Amino acid sequence: MVLLLIVSAVTFGIFFLLPKLAGQSTDQLAQQYIGKAPTPADIAAVKKNLGLDKPVYEQYWDFLKGIFVGVDYKFGPEAAKCHVPCFGYSFKTHIEVWPEIQSRLPVTLSLAAGAAVLWVVSGVATGVLSALRPGSIFDRMAMGIALAGVSLPMFFTGALALALFTYQWPIFERSDYVPLLDDPFLWARTLVLPWVTLAFLYSALYARLTRAGMLETLSEDYIRTARAKGLRERKVVVRHGLRAALTPIITVFGMDLGLLLGGALITEQVFSLKGVGAFAVEAINANDLPNILGVTLLAAFFIVMCNLVVDVLYAAVDPRVRLS
Amino acid sequence: MTDSSEDRTAVPSQSAAAGSAAAPTEAAPERDAFLQVRDLKVHFPTDDGLVKSVDGLTFSLEKGKTLGIVGESGSGKSVTSLAVMGLHRASRQQRSKVRMSGEIRLDGKELVSADPDEVRRLRGRRMAMIFQDPLSALHPFYSVGSQIVEAYRVHNDVDKKTARKRAIEMLDRVGIPQPDKRVDDHPHQFSGGMRQRAMIAMALVNNPELLIADEPTTALDVTVQAQILDLIRDLQKEFGSAVIIITHDLGVVAELADDLLVMYGGRCIERGPAEKVFYEPQHPYTWGLLGSMPRIDRDQTERLIPVKGSPPSLINVPSGCAFNPRCPYADVPKDNLTRTVRPELREAGGGHYSACHMAPEERQRIWTEEIAPKL
């Protein structure tokens, strides 16, 4: 329930605020739709057809309705059916928004999922090992690299990776995204560099988080109890220590993944991947309101969904959450 | 996990021998007592210096007997118990932070120099421990039952079902109602006393021969404290194990302990049969402890007498007798002896030892004339 409220509030905010922020009147919006030098009559016609002449709350209602039941446009030479979920048509290209986003989703999903697996595994593993030997050479090096990972911006590490492994030593040649089902090997090969650079950025954060969490839980009384039982140290660390240290990491992971699924703007730019993020950048550059609306709403949806999943996971991990 | 059988078979014969060999008024701890601690030192190097948490501690304990270790915070009582359990050397990180020497013999097996993994295999099986705060000592994410099952299955090669039956049996034994239902509850669903009972069930699941209770009642309501102490006493009778109770509450040990060991600044300053230490205490620090103990049979307007000053630094332990800066009788022995020479434990008869420079007659006089009337 709360989630639905949040989603609708976000939608509402996006819908009303975006045009205002872009500083555009409805006239200008209509003008965009038509293209060059429209007559006032054209503008009026378009405004009527797109419903821009209606009060804002009605527009909002129509927009919501479009998302859930679709819209039939009955103007122009042929009647068009905009299918569910209908975010309307691009003002610039007159292409339906949703299918366009949909076609780019696999790219972003592949990018985010692959990188997420990489950074969680490497980050958590590094963090645990560091926490087991705080102050050791491994710990210092790992935390130094982590600091670099957190501080270096994506466009730098990405460009560096490209320069080294695509141009200097062409291990990963430049190629367009290949769908997973077409050729899994090529799919992976195109994505390795973006995965690794993205994971480098995030795993640094996760390593530090895990390390701090582990150091804290390993000093808990229940760890001493686990040792007093005569458990092997490995079991103590994983079953008793890591399990408790993972809860804050799950929270951060939900946020990060949600954000990333809404489009990895910089990564997709650097590696010329045509994903949702690239789409968002194009839409903003073109000042294309329906596209911006659609992609923003999608991003909000992913964040909300990921948080929902986090809440469910939390209950599964920590029984104290289940009751309250 | 199946290594238990061969060790186990040796136990009855050896401990029987130990029981008969231990004379009631032994002078020094016999080598064949069930638990034998000899000149134990546990030091922690820190940036500020070497922390001598335990600095030359000797005691012994027979099966079926209870030893009470008393002392204020930082006197080394918890460090001692963790040392016996091998919990200063359980992980690689811990081992890098501690320096241990001396002997800890459990049923003849030396533990200080033993391989940590060997000690681990004894832990939870032949010696077990219960802790002060059962809420933080139990893992919040696992059910009470699964934690007991885990403790059982570390040392017993049985399936989950058998272990679960054993867990329910133990919960029932420590007095938890509806154990077959509560077994799946999590620690936060238990009350404080119930949690400590569950902790005890977990510690006793493998019938350990040595049970160490580190301040087992400190975190509990007063009404529950007595129940828990009774439970420990009953279980000890039933299982015949050796018990060490660590506490700063003399009331607790008065009820349970056969022997008492008073620690100060990482050393034993007095030890002996409980009634001796209680009724004829030899050391000024023990007098102080007794004087600071609230008693219901005393007038409420009377104030408690605290031991003046604060516990000694474990890095720069006062030279001579560690208690000398706080001792009202520090100037009684001649030649500034208290401040230059560390007093050794000397027997006052009946296995009652104390470490004080004052002559026994002098102490006797102070105790009967000055201290005892005020208590």
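This is a predicted model: local features need pLDDT of at least 70, side-chain atom pairs count only at pLDDT 80 or more; totals for chains, interfaces and linings use all residues.
Reader: Ok, sheets. What is the strand order in the open sheet of chain B?
Author: The order is E6-E7-E8-E3-E9-E10-E12-E11 (chain B), eight strands with mixed pairing. The edge strands are E6 and strand E11 (346-347) of chain B, and each of them pairs on one side only.

Reader: Parallel or antiparallel for E7 and E8 of chain B?
Author: Parallel: strand E7 (residues 210-214) and strand E8 (residues 242-247) of chain B pair over five bridges. Within E8(B), Ile244(B) is the residue opposite Ile212(B).

Reader: What does helix H13 of chain B lie across?
Author: Helix H13 (residues 284-291) of chain B lies across strand E3 (66-70), E9 and strand E10 (267-273) of chain B. The helix runs at about 105° to E9(B).

Reader: Switching to chain A. How many helices and strands?
Author: Chain A has 14 helices and two strands. The C-alpha trace of chain A spans about 85 × 55 × 35 Å along its principal axes.

Reader: What share of chain A counts as buried?
Author: 36% of the 324 residues of chain A.

Reader: What are the domains of chain A?
Author: The assignment gives domain 1 (2-82) and domain 2 (99-323) of chain A. Taken over C-alpha atoms, the centres of these domains of chain A are 36 Å apart. The contact takes 11 residues from domain 1 of chain A and 10 residues from domain 2 of chain A.

Reader: Which helix gives the most to the domain 1 side?
Author: Helix H1 (residues 2-21) of chain A, with nine residues. By class, the side of domain 1 of chain A that touches domain 2 of chain A has 10 nonpolar, one polar and no charged residues.

Reader: At what angle do H7 and H8 of chain A cross?
Author: The axes of helix H7 (residues 154-168) and helix H8 (residues 184-218) of chain A cross at roughly 145° and come within 10 Å. The crossing of H7(A) and H8(A) is right-handed.

Reader: Which residues make that contact?
Author: Among them are Met154(A), Gly158(A) and Phe165(A) of H7(A), and Leu193(A), Val196(A) and Phe200(A) of H8(A). The contact of H7(A) with H8(A) has eight nonpolar, three polar and no charged residues.

Reader: Last one. How many residues does each chain put into the contact between chain A and chain B?
Author: Chain B puts in 26 residues and chain A 20 residues. On the side of chain B that touches chain A, H6(B) gives the most, with four residues. That side of chain B has 12 nonpolar, eight polar and six charged residues.

Key:
Residues are numbered from 1 along each chain as its sequence is written. Chains are lettered from A and ligands numbered from 1 in the order in which they are written. Two residues are in contact if their C-beta atoms, placed from the backbone, lie within 7 Å. Ala, Val, Leu, Ile, Met, Phe, Trp, Tyr, Cys and Pro count as nonpolar, Asp, Glu, Lys and Arg as charged, and the others, Gly among them, as polar. Axes are lines fitted to C-alpha atoms, for helices over the stretch in contact, and angles run from 0 to 180 degrees between N-to-C directions. A crossing is left-handed if the near helix is turned anticlockwise from the far one by less than a right angle, and right-handed if clockwise. A residue is buried if 20 or more other C-beta atoms lie within 10 Å of its own, exposed if 12 or fewer, and partly exposed in between; C-beta atoms are placed from the backbone. Two strands pair if DSSP finds at least two bridges between them. Domain bounds come from an automatic or database domain assignment.
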